[in-house]
Amino acid sequence: MLPPDEDNTLKRIDIQDQARLGFLRTLSMTINGMRHRLGRSVVTILVIVVAIAFLMNTLSESMLKNSVAGRLDERIKELHTAANLATHLSQAGTEEQVLSRLAAAGEEETIPSELQSMGGFSDATITELTEQAAQATAIVTWLERLNYGQRRRLLHDAEGYGVFGWLREPEHLQRFETELATMPSLKLPVTTETLHRFLEAWPTTRARSEQIRTGWLEAANRLATSLDGRSMIEALSDAEGEFGNQVREAGFQLDATTADRVAPQAREMLDVKRIEQTIDSDAMQIAIAQRLDILPGEIDPKLLWRFLGSGSNASWFLQRMTETGFRAEDLSRERLRELSRIYREEQALASVAWVRDSADRRILDQRMIWLIGVSLIVCMVGITNAMLMSVTQRFREIATMKCLGALDGFIALAFILEACMLGFFGGLLGALVGLTIGMSRMFGTFGSLLAGAIPTFSLLLAVGAALFLGVILAALSTVIPALQAARLAPMEAMRVE
Amino acid sequence: MPSDDATLRVIIRTVGLTKHYQVKNVVTEALRGIDVEIYTGEFISVMGPSGSGKSTFFNMIGGLDGATGGRVFIDEVDVAQLTAVELAFLRCRKIGYIFQSYNLITYMTALENVTTPMAFADVPPDEARHRGMELLELVGLADRWFHRPIEMSGGQQQRVAIARSMANNPSILLCDEPTANLDLKTGSGILRILRQLNTDRGVTIICATHDHRMLDICNRLIWIRDGRVDRIAKRDEVHIEVGTIGGEQQ
């Protein structure tokens, strides 16, 4: 009655360990499933995109700001070369300025030859002096970072470079060292021996820097006689010519490159001043006000320069100047527009100068780290929730797979792989979205200033980091759902709804 | 009993099988001691009202759930002694499962569904496809191998499920109400295929069912009531009583 076991299909199977499915086959099965659940995947990816875009946007904006801030410093220094040089040539620097210039030269291991000649020192003396100045600056900078209580205990009320005179009193130095020994978190930037030797030499150092100051002052005074009643800026407009030689003769250094840069700048400054003075005259003010159809009182330099940006306005203005009795024959329409452009660039730089203060040269500040951290946690919770729902919805599928011989590891791996892929695409998309928003926002703020200041390599690195973070976050968020899925009992497949 | 026949082996044996479920302080005794022996090549119908412990019994002999007391031997191997990895091996190659609601993987084609257990058994993809097509041919669906479950009727889905359960040439097929979701005609088709597998391939088939047509094709019937074996009968003995039993069943 029962069928005989003819073709031997009932042969006994020895129970062995179930084979593990290869990674690639797991991957292809996971991708197959994901294609089917595209809608859900897209929603999960969006969560990741938003979080990573936020991170990437903040990161890229901060990096661009820092980069612009660096360029800004250079550009402002460049634009102000003439003004800075004028100050340098008219008055001797303070003791602090002399010492910090020496210290800067010491760090770059160059000999500050201008200061050397002003003090009339030999190479050996100036080298020793720059070394001393570097130590002095290092110690003073270190002391300035202490809080009020620490300073009070260590130094009483001595300040700035005055602390060295104060510390030369033996009882003060002893108190300083005893107190310092009780603050183990503080460490002097120089050794005790160096400090002692430095303090020993301090009066000499001071006297030498004073000698430089005197030399500087004499040079400035010598130069003042060659001004012939011109202002320093007026004189500097001839920096490539006679006045340049006079500067060098007086004891300053002025190389040809700087002179070539300074002279036109000085001429610009003079022209700017001349043109701005025209609006002090009522006739000019009223004429401009009529042309612009505004009140004369509203006219200020800013408005004037914007007005001169257009060629027809510039021609009209030149004609007015001549008519009103101003000297204008050496000015041209193009010159006015050029000055207007420079003025507006300076204004633009000034308007974004805040970036130097706001970017304290760190990529992310505490508050942003906190915000980004929260957004990433919210993202993780979102992914975990989506994956837990996915486990609940797919319980029958998972249990069936287990009935068909899937190992717990396969089920868990499939979930983690799915999350990694979501994380990859979400991270990639988020990084690009964040970068695009950051770039366009920063371009809106800084305009052309940004063009040469894009830190491409760092930004690419940040994109890579964001991508990596997306994958890791998604994988971590899915650990719990994956374990839950792996632990699902295969008999759930039998359940009938 | 078939045990007289020397050529037959016991493939499933349960000894004093009990199962308790505990939810908080309430203990439910689903099985209260079941002793059965099932022989290779048999076609068994398990019948019983809902709540009788039929499903629990099924889970136990399918290696899907552990017993509270007593033992389950599949091919003389004590299921309780197997590790998780060995249990997966058992489910993959030794037992085929057929579910009331088919449980096909929705995003896979018919062929992919059939070859999935082969993938788990580490069969090379080319061979798996070849064997998968053969199995689909066996259930008469070779021309629809690329269809997804949603594109197929219930009967076609169940036929794919049967092909899938046979993927690794198991010696036991566990069918949980295979025809309950199907109309009479389609159900008959499914039963015909099961019968064919039983006679042509000698697969031991254990069917939980309410379907009386099953009585015509099975060798033995096991009634379970209140977690105990109510009665075991050969088909010959039952045949005359069908009407009466039909009256008893809901």
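Modeller: This is a predicted model. In chain A, the centres of domain 1 and domain 3, taken over C-alpha atoms, are 54 Å apart.

Colleague: Where are those domains in chain A?

Modeller: Domain 1 of chain A covers 23-74 + 363-495, domain 2 covers 89-230, and domain 3 covers 263-358.

Colleague: How many residues of domain 1 of chain A are in contact with domain 3 of chain A?

Modeller: On the domain 1 side there are 7, in contact with 5 residues of domain 3 of chain A. Of the domain 1 residues, α2(A) gives the largest share, 5 residues. By class, that side of domain 1 has 4 nonpolar, 1 polar and 2 charged residues.

Colleague: Another topic, α19 of chain A. What should its 28 residues span?

Modeller: Helix α19 of chain A, residues 366-393, should span 40 Å at 1.5 Å a residue. Its end C-alpha atoms are 41 Å apart, so the two values agree.

Colleague: Which residues in α19(A) are buried?

Modeller: Cys379(A), Ile383(A), Ala386(A), Met387(A), Ser390(A) and Val391(A) are.

Colleague: And what do the buried residues of α19(A) pack against?

Modeller: They pack against several helices of chain A: α2, α20 (395-403), α21, α22 (456-477) and α23 (479-487).

Colleague: Now chain B. How many residues of chain A are in contact with chain B?

Modeller: 35 residues of chain A are in contact with 48 residues of chain B. On the chain A side, α1 (23-36) and α20 each supply at least two residues. The residues of that side divide into 19 nonpolar, 8 polar and 8 charged.

Note on methods
Residues numbered from 1 in each chain as written. Chains lettered and ligands numbered in written order. Predicted model: local features only at pLDDT ≥ 70, side-chain atom pairs only at ≥ 80, totals over all residues. Domains from an automatic or database assignment. Contact = placed C-beta atoms within 7 Å. Helix = DSSP H or I, 4+ residues; strand = E, 2+ residues; numbered from the N terminus. Nonpolar A, V, L, I, M, F, W, Y, C, P; charged D, E, K, R; others polar. Expected span 1.5 Å × (residues − 1). Buried ≥ 20, exposed ≤ 12 C-beta atoms within 10 Å, placed from the backbone.
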